[in-house]
Amino acid sequence: MIRWYAIGVSLALLVGCSSKSGNGLPPQEALKAFKLAEDFKIEMFAAEPDVVDPVDIVFDEQGRGYVADMLDLPDDPPPGKKARGRIIMLEDTNGDGKADKSSVWAENVLQCSGLIPWKGGLIVPASPEIYYMKDTDGDGKADVREVLFTGFFHGNPEAQISNPRFGVDNWIYFSNTGNAGLIKSPAHPNQPSVEVRGFDFRYDPVRGRFEPTTGTAQYGLTMDDWGNRFISQNTTHLRTVVLPRTYLARSPLLEIPSPMHDPYGKTERRMYPLTEPEEWRVIRTKMRQQRYDELKSGRVEHVGGYFSGATGSTFYSGDAWPEEYKTSIFTGDVSGNLVRRDIIEPDGVTFKARPAPRTEKDKVEFLASTDQWFRPTNFANAPDGNLYVMDMNRYIIETPVSIPEELRKKLDFYKGDNQGRIYRIVSNQPRTKRNLKVNLGGASSLELVKTLEHANGWHRVTAHRLLYERQDKSVAPQLKDMALKSQSAPARLRALYLLEGLGVLDAPTVAEALKDARPQVREHAMRLAEGFPALEKNVLALASDKEPRIQLQLAFSLGNFKSPAARAALLDVATRNMEEPWIRTAVLTSAADAPGTFFQSLLAKGPVHKDIVSRMGALIGTRQQPGEIQSFVTALSRTKEAEAGLAGVARGLKLAGARKLKAPGIEAALSQYLNNGVEAAWDVARFFELRGLVERAAQQAVAAQTPPEKRATAVMALRGADFPKAQQVIETVLAANPPANVQAAAVLTLSSFEDQGVAPALLKNWKAYSPEARTKVIGALLAQKNRVPALLEALEKNDVEIAAIEMSARNRLLEFRDESIAGRAKKIFQNAAGSDRAKVVAAYQEATTLKGNVDHGKQLFEDGCAKCHQPRKQGGRVGPDLSGINMKSREELLTAILDPSAAIEARFVNYLVTTKDGRMYDGVLANETPGAITLRGGSEEDVTILRTNITEIRASTISLMPEDIEKTLSKQDMADVIAYLRGGL
């Protein structure tokens, strides 16, 4: 009670403090609160009222600054009210480093989250759209507002489409956080829609192309001179994209690990703020820690000192600062009121990062403020060679849902929404001095070509963009000369891509570029050479290149050349780089068209890495070519990784939905493996028609003395039998009341057949099934449309209890496309379909006042909730991680439990998938690759489905949580569960 009293006092103090906090520091006072590296000074470029809540600034070819003011944060305006977001145009007319002219260029731009200049206007991501805006009459206001794209996720403003950046390859890249969205383009109506779920987004505005691209950047997105992309997320403030989607997409059946790399590895991401954490953060931490201590969990909650609010990242590419800063990325953390400088260094095929020397030595950041209102949201390189910093300057910059209700109602989330600053950071000993005034828009195309060699990165990028916009082929000779002779490697690279973008790149130019002195140019030249089949020998000449990135790109590019020489070179790359995981993946994408032959050749050269054996086995399995599978299975006997290879084949066969394949010699090979104790052979056998092994499996399946694990494996192998044979054996197995895992295997095996007798066979032993087997029976009956009527009939007759149908199964029935089935389901589940959840919540309000029993609440949670909300053996959840659930009030928890469909987190939407063979699946999206999706349901086993096999995928509007949980929980039970949840998981 004393501790709760202390927190109550803190809450009272919070109210008092918040009322005294005013509007933060005035602009000039805020400048005095900064501490930064001794080489620099910070200056005010613009402040309120000229800019308010800035999240991005870009400078056009005239040196004018356009600012995205995100005034709508954190919530959309109320219905009927206009969006407050806007775009401001700033100018420094006298060159003194301060904006002295400000005008509103565009108004009412909902959730404006980034800008990029294009053809005299701006491309503007503003969820759920991306716009093109332009001032065509010269009055300083945009009079064109064209929708380029629509369909992007709209919700949490921290995770919406944002940060457009022009790449060296002529594409504009956007951060998308991997959020789902079927993207359509009114501006390019002849282009098909694309799904961006699991990816970022990119757009080529000249050719009208748009597509998903590797990455799940939450907000920050930056590129170095060579086109390497670095992205950020709240706690992981820096990652780099390694595997391009263009190569992954050509081998859609290949199992792909994460395509991104953490340059910090497992190093803790410490930060060193000058501010103390806000009072509400301190109170929140005390509340959490108290609950952890009461539960004796041993868990410690940190109130600060670690990255938790990382925002926009930017590679410094200017020419005004000391040379040493050109390998630096700057990232803000809005919770720590600071800016981190990370030094980026090549590390094999990827990169490693480290803080600037003083950061670790002296525990200081590149820039930090003693002002808690300093919220660095983004950065920009500029025409003057300096770095500009956006500061939202808000009292609160935290998503409201991340703050406990007790604190949330005391806080004003819009406090400071009339403020904002843009600073510029200037070197005390600048290498060059210039202002923002430029006239690249008035430069000739020939002058722009020369500007590609400029020392300042902003000039190089802007000249590149303008040349690509103009599509002026008259400068092709000068670009070709620059690509081959310029002293600037970045200029040579940009000239190559401009030649490609203008449609005038030729094979001789690329051939010369393949011999460039800089490996980064050779790497990109290899990508461009893929469009010139005659350059195969030139590409093969790079096989001896020792640069790791060249080896990685070679492993990708060789997949576009199909000659024996190219295949031999790919084998050589694979053999020499067997221990490098990124190159292994690249090799596999290139060998995906003939994996069996490639594996045989690779094996002839020596030992093959276990990862290659496993993933190549899966790839071969998905192809369902019996001869190829048989050769691979036989060859595994010459490796030490037979178990991994066979398991891979089984995964691939399962993914492809293989059944009763025929391969004359595979039975003998699998039998030999089984004789040698390699149990994974059973997993392969179940997809083939193998009479001898079926008899062996049948005998082992009914042998009670056989260990349950082996019996379950044998039962699964009966999938290779005829249905009558399998049914006879399985009925014998089930009649003997076998262990739960054997029961589950029997159900899964029965459900694998297409026979009309499957449904009655599954329901026949309902009363004897274990809970695990019952769940699988329901799933099997729902897997095919022709089985669903049997399930409904069993429910109507009460042969199957309604309580046995979990919420995900109910959802599938209630949302069935066939109205006759959905109608019958609604009658069966009347409460689920028609209950007034608000009345139920109101009826249970008493539970918020009852004293809860934490131990009993824990037991109830583990019995009914843990399988979805806690990590499974596979490591993934079906429902949201509840580790921060103690931030919720009792009232919020009660509503969330009793009315779960009111607000479903995007990551845990239940998707309903129908395949071409009539099977149906559901679950949350656990993973996506260009060729497949993985659904995660309530069982331990994920389900991966080939995109080519999908006829429909749609999101459910009903939560996976049951809506009638009050039937099993009394008000006291509810109080107990709430008490446990508020203690922290």
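Guide: Happy to! To begin, an axis here is a line fitted to the C-alpha atoms of a helix over the stretch in contact, and the angle between two axes runs from 0 to 180 degrees between their N-to-C directions. Keep in mind that this is a predicted model.

Now look at helix α26, residues 740-751, and helix α28, residues 771-782: their axes lie 8 Å apart, at an angle of about 10°. Angles under 35 degrees count as roughly parallel, so α26 is roughly parallel to α28. From α26, the residues making the contact are Ala 740, Gln 743, Ala 744, Val 747, Leu 748 and Ser 751. Their partners on α28 are Glu 772, Ala 773, Lys 776, Val 777 and Ala 780. Sorted by class, this contact of α26 with α28 holds seven nonpolar, two polar and two charged residues.

For another pair, turn to α23 (residues 691-702) and α24 (residues 708-717), which pack at about 140° with axes 8 Å apart. That angle makes these two helices oblique to each other, and their crossing is left-handed. On the α23 side, Ala 697, Gln 700, Ala 701 and Val 702 take part, meeting Lys 710, Arg 711, Ala 714, Val 715 and Ala 717 of α24. Here the classes come to six nonpolar, one polar and two charged residues.

Finally, step back to the whole protein, with its 37 helices and 33 strands. Of its 985 residues, 58% are buried. The protein exposes about 39,200 Å², and carbon and sulfur atoms supply 52% of that area.

Technical notes
Residues numbered from 1 in each chain as written. Predicted model: local features only at pLDDT ≥ 70, side-chain atom pairs only at ≥ 80, totals over all residues. Heavy atoms only, no water. Helix = DSSP H or I, 4+ residues; strand = E, 2+ residues; numbered from the N terminus. Parallel < 35°, antiparallel > 145°, perpendicular 65-115°, else oblique. Left-handed = near helix turned anticlockwise from the far one by under 90°. Contact = heavy atoms within 4.5 Å. Nonpolar A, V, L, I, M, F, W, Y, C, P; charged D, E, K, R; others polar. Buried < 20%, exposed > 50% of the residue type's maximum accessible area, 1.4 Å probe, protein only. Areas by Shrake-Rupley, 256 points an atom, 1.4 Å probe, with all protein chains shown as cover.
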